[in-house]
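User: I am new to this structure and would like to learn how to read its features. Please take them one at a time.

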Amino acid sequence: MNPEEIAKLTEEKRAGCTDGEGHSDHPLLAYRNQKFLDTPEARSMRIISEYLYPLSQFRKEKVQDTVVFFGSARTFEMGPNARYYNDARELARRITEWSDQLPHQGRRFVVCSGGGPGIMEAANRGAQDAGGKTVGLNIGLPFEQRPNPFITPDLCFEFHYFFMRKFWFAYLAKALVVFPGGFGTLDELTEILTLMQTQKLLKKMAVILYGSEYWKEIINFDALLKHGMIAESDLQLFTFADDVDTAFKTLVSSLTKYWLDPSHETPSISKTQV
C-alpha cells in the first residue's frame, strides 16, 4: 500500500466504516454515530450545536449585531399585500447601505430574517440588493419554510429547535421591524416584548410595528391597558410606522443613539438578567 491508501484505510477504521460485506470492523466514534446523535440521549448535543455553529459563523463573518425583520411567509411580491413585501425589501436595502458605510471593522446592524419566503425573503433580498451580507435563521417545518435564495450562504442556518432560533433572534438584535403576519409573527413579537418588559434583555432596542392599521386591529393595545394587563409604560416599548421613510429614520435614530460604540465585542451578545 502507498501512504495515501494507508491514510485512507486508517481514517475509515476510525470512522467505523464497514467492510465490503457490510460488517463493521471498528466501533464508530460517538460524534460520528448518526444513529446515536438522533436519539433523545443526545438531545443536549444537538441543542449546543445550534448554539455553537451559528456563533462560530457570526464570528467568522464578523457579524456584530443585527436588525431583525419579522412578517408573514404568505406575503408575496405580487398580491394583495405586495406593498408590505416591497416596503420590507426597500427598508432592508436602505439600512444595509447605511450600515455598510459605518466606520467599524465588524459588520454592524446586518439584516436578519427567519430565512423563509414572504417578508423574510423581501428583507434578505433588499440587503442583497445593497450588496451586503444578510442572515437567515431558518426552521424546519412541514410547509412554507424553505431557505430563500437571497441569504448569504455562510449565514444561512437551519434550526430544529424553535427556542435556539429565538435565542439568535433576540441576542444579536439591536432593532426589530415587524410586518403584518400570523401566529408565528405574533409569537416572535410578543416574545421579544415580554423579554423587554421583564428586563430579561438589558439593552435598548427599537421595535417598529409596520402597518399601524393592521396592528391596531389585530392587537387591541388600549384594551390590554384598560383591563390592567399591561402598564402604560409598556406602550413605549414599540412604535408604529406606515412608510419606509419613517421606519428608516426611526431605525437610524435609535441605532445611532444607543449602539454606535466601537467598544462592543463581536458578536455583541446582549446582557441579560442572571
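User: Which residues form one aromatic cluster?

Analyst: Rings of Phe, Tyr and Trp (its six-membered ring) pair if their centres lie within 6.5 Å; planes under 30 degrees apart count as stacked, over 60 as edge-to-face and the rest as tilted. Here Tyr51, Tyr53, Phe58, Phe157, Phe167, Trp168 and Tyr171 make up one aromatic cluster. This is a predicted model, in which local features need pLDDT of at least 70 and side-chain atom pairs count only at pLDDT 80 or more, while totals for chains, interfaces and linings use all residues. Residues are numbered from 1 along each chain as its sequence is written, and side-chain values use heavy atoms, with hydrogens and water left out.

User: How many aromatic pairs does a search of the whole structure find?

Analyst: The search finds 16 aromatic pairs. In one of them, Phe221 and Phe238, the ring centres are 4.7 Å apart and the planes are at 40°, so the pair is tilted. Phe221 lies in helix H9 (residues 221–226) and Phe238 in the loop between H9 and strand E7 (239–241), so the pair ties together parts 17 residues apart in sequence. Helices (H or I, at least four residues) and strands (E, at least two) are DSSP runs, numbered from the N terminus.

User: What is the geometry of the pair of Phe221 and Phe240?

Analyst: Their ring centres are 6.2 Å apart with planes at 70°, so this pair is edge-to-face. It links distant parts of the chain, with Phe221 in helix H9 and Phe240 in strand E7, 19 residues apart.

User: Is Phe221 buried or exposed?

Analyst: Buried means under 20% relative accessible area, exposed over 50%, and partly exposed in between (1.4 Å probe, protein chains only). Phe221 counts as buried because its relative accessibility is 11%. Phe240, with a relative accessible area of 25%, is partly exposed.

User: How many salt bridges does the structure hold?

Analyst: Side chains of opposite charge can pair when their charged atoms come close. A salt bridge is a side-chain nitrogen of Lys or Arg within 4 Å of a carboxyl oxygen of Asp or Glu. The structure holds 14 salt bridges. One of them joins the side chains of Glu77 and Arg125 (2.9 Å, N to O). That pair links distant parts of the chain: Glu77 sits in the loop between strand E1 (66–70) and helix H4 (82–100), Arg125 in helix H5 (residues 119–129), 48 residues apart. Glu77 is partly exposed at 32% relative accessibility, whereas Arg125 is buried at 16%.

User: Which residues are linked in a network of salt bridges?

Analyst: The network links Glu90, Arg93, Arg94, Glu97 and Asp245. Glu90 forms a salt bridge with Arg94, the closest N and O atoms being 3.0 Å apart. Because Glu90 and Arg94 are four residues apart in helix H4, about one helical turn separates them. The side chains of Asp245 and Arg94 also meet in a salt bridge (2.6 Å, N to O). Asp245 in helix H10 (residues 244–259) and Arg94 in helix H4 are 151 residues apart, so named as a link between distant parts of the chain.

User: Which residues form a nonpolar patch on the surface?

Analyst: Patches are made of residues with over 30% relative accessible area and no salt bridge; like charges are joined within 9 Å, nonpolar side chains (Val, Leu, Ile, Met, Phe, Trp, Tyr) within 5 Å. Accessible areas come from the Shrake-Rupley method with a 1.4 Å probe, and for residues only the protein chains shown count as cover. Phe36, Met45, Ile48 and Leu52 form the nonpolar patch, with about 330 Å² of accessible area together. Its largest share, three residues, comes from helix H3 (residues 43–60).
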